[in-house]
Amino acid sequence: MSGLNLDDFVDLIERPDGGIRRDAEERRERLALPPDALGRLDELGEWLAAAQQRVPVKPIERPRVILFAGDHGVADLGVSARPARSAHRLVRAVLDGESPATILATRLGASVRVIDMALDCDPEELPAEVTRHRVRRGSGRLDVEDALTLDEAERAFRTGMAIADEEADSGTDLLVLGDLSVGGTTAAATLIAALCGTDASVVTGRGGAGIDDLAWMRKCAAIRDGLRRARPVLGDQLQLLATVGGADLAAITGFLLQSAVRRTPVILDGVVSAACALVAQRVAFRAPDWWLAGQASGEPGQEKALDRIALTPLLDHGVTVGEGTGALLALPLVQAAAALHAELPERPEDSEGPGPSDHPATSEDPDASENPEPNS
């Protein structure tokens, strides 16, 4: 029996401050720009003001990329374009500065943190600060066995919570979430299909590296088998993560919920973070108010999950690489929204902008007598 009471999150998570958001909207009306001139950047700026509880909003100064890593036993079925048990190579590319996420993060001024939750490699192959949170070596094959024991799921979930607390305590003002996994999209699609009540074929995508038709059919079959195991535990979100999730997905779910508790906004990446967000929403319905969807990855499961959560992706560039890359691409938009709402000047109080009343026709105006105003 788990000692973790997920119902506590319902009381602990509050929505971003609605009063502050209204103040931000009123301030936006006083800026020296026409209404709607900034498009969705207006919405982002007001959302950030509510999250930060301040007007004007504070620029984003300490963004942080958090990547949870793990291998999934279901990858043994050939459901991924990457070899099973190879997620540690993705981690190594990040640590060596050779991944898209690392390159983008460096350019955007965001630091990167990798947390090994269930990599299937010797811990000595990676730095101790990466592997110290590992729950187990690879998650179980979700089509025929539980991905985790309930105790392991709780440990992973609590690790995600602890990471969120550490980031909030260190002054991180925006979190960019991603995963480094092999087989993770299969687990994510299983969770989404279970929670949305859909068939496996509706949520089965091609994964970050892309798979052929035969691999897609194997993936679809694995998800369908996982669904049969998931449905009996749909009422218990921690048990659901243990049954068909994995250590990295359990950690991400805990991370998302505790970030909402700590009032720290998060940009979601692809289908894995969307699946965990869907689980977290089942735990605490107000939690999604603290998240943004960075981009549409093209994975049908992600689209299904985001629709259920009512989040609209900021970007749609067809980027499928995962690893936090899509969320990072959205970071400049959020930074731009914060900077504009923080630094754009307001109109002088005695000025409402140029208009007909600023230039009344008088006897000194040569055009006034030639073009008299009609009577109303």
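A: Contact means heavy atoms within 4.5 Å. In this predicted model, local features need pLDDT of at least 70 and side-chain atom pairs count only at pLDDT 80 or more, while totals for chains, interfaces and linings use all residues. Residues are numbered from 1 along each chain as its sequence is written, and side-chain values use heavy atoms, with hydrogens and water left out.

Q: Which residues does Gln237 touch, not counting residues up to four places away in sequence?

A: Gln237 touches Leu6, Leu195, Val279, Arg282 and Val283, with residues up to four places away in sequence not counted. Gln237 lies in helix H11, residues 237–244. Helices (H or I, at least four residues) and strands (E, at least two) are DSSP runs, numbered from the N terminus.

Q: How many helices and strands does the secondary structure of the protein come to?

A: The protein has 16 helices and five strands. Its C-alpha trace spans about 90 × 40 × 40 Å along the principal axes. Among contacts between residues at least 6 apart in sequence, 76% join residues at least 24 apart.

Q: Is Gln237 buried or exposed?

A: The terms rest on relative accessible area: buried is under 20%, exposed is over 50%, and partly exposed is in between (1.4 Å probe, protein chains only). Gln237 has 10% relative accessibility, so it counts as buried. Of the 376 residues of the protein, 53% count as buried.

Q: What joins the side chains of Ser181 and Asp179?

A: A polar contact is a pair of N or O atoms within 3.5 Å; within protein, one must be able to donate a hydrogen and the other to accept it, and residues adjacent in sequence count only if both atoms are side-chain atoms. The side chains of Ser181 and Asp179 make such a contact at 2.8 Å. Ser181 is found in strand E3, residues 174–182. At 11% relative accessibility, Ser181 is buried. Leaving aside residues up to four places away in sequence, Ser181 touches Gly70, His72, Ala87, Leu90 and Asp248.

Q: How many residues apart in sequence are Arg141 and His72?

A: Arg141 and His72 are 69 residues apart in sequence, and their C-alpha atoms are 6.8 Å apart in space. Arg141 lies in the loop between helix H6 (128–131) and helix H7 (150–169). With 26% relative accessibility, Arg141 is partly exposed. Arg141 touches Gly73, Val74 and Leu77, again not counting residues up to four places away in sequence. The side chain of Arg141 also has a polar contact of 2.8 Å with the side chain of Asp143.

Q: At what angle do helix H5 and H15 pack?

A: Axes are lines fitted to C-alpha atoms, for helices over the stretch in contact, and angles run from 0 to 180 degrees between N-to-C directions. Helix H5 (residues 100–108) packs against H15 at an angle of about 15°, with the axes 9 Å apart. That makes H5 roughly parallel to H15. Angles under 35 degrees count as roughly parallel, over 145 as roughly antiparallel, 65 to 115 as roughly perpendicular and the rest as oblique.

Q: Which residues in H5 and H15 meet?

A: From H5 come Pro100, Ala101, Leu104, Ala105 and Leu108; from H15 come Thr325, Leu328, Leu329, Leu331, Pro332 and Gln335. By class, this contact of H5 with H15 has nine nonpolar, two polar and no charged residues. Ala, Val, Leu, Ile, Met, Phe, Trp, Tyr, Cys and Pro count as nonpolar, Asp, Glu, Lys and Arg as charged, and the others, Gly among them, as polar.

Q: How do the axes of helix H8 and helix H14 cross?

A: The axes of helix H8 (residues 184–196) and helix H14 (residues 300–309) come within 10 Å and cross at roughly 45°. H8 is therefore oblique to H14. Ile192, Leu195 and Cys196 of H8 make the contact with Gly301, Gln302, Lys304, Ala305 and Arg308 of H14. The residues of this contact of H8 with H14 divide into four nonpolar, two polar and two charged.

Q: Which peptide bond joins Val55 and Pro56?

A: Most residues other than glycine have a negative phi, and most peptide bonds are trans. The bond between Val55 and Pro56 is cis, with omega about 0°. Pro56 is placed in the loop between helix H3 (40–52) and strand E1 (63–71).

Q: What is the phi of Gln53?

A: Gln53 is not a glycine, yet its phi is positive, about 60°. Gln53 is in the loop between H3 and E1. Gln53 is partly exposed, at 43% relative accessible area. Ala310, also not a glycine, has a positive phi of about 70°. Ala310 is found in the loop between H14 and helix H15 (325–343). Its relative accessible area is 65%, so Ala310 is exposed.
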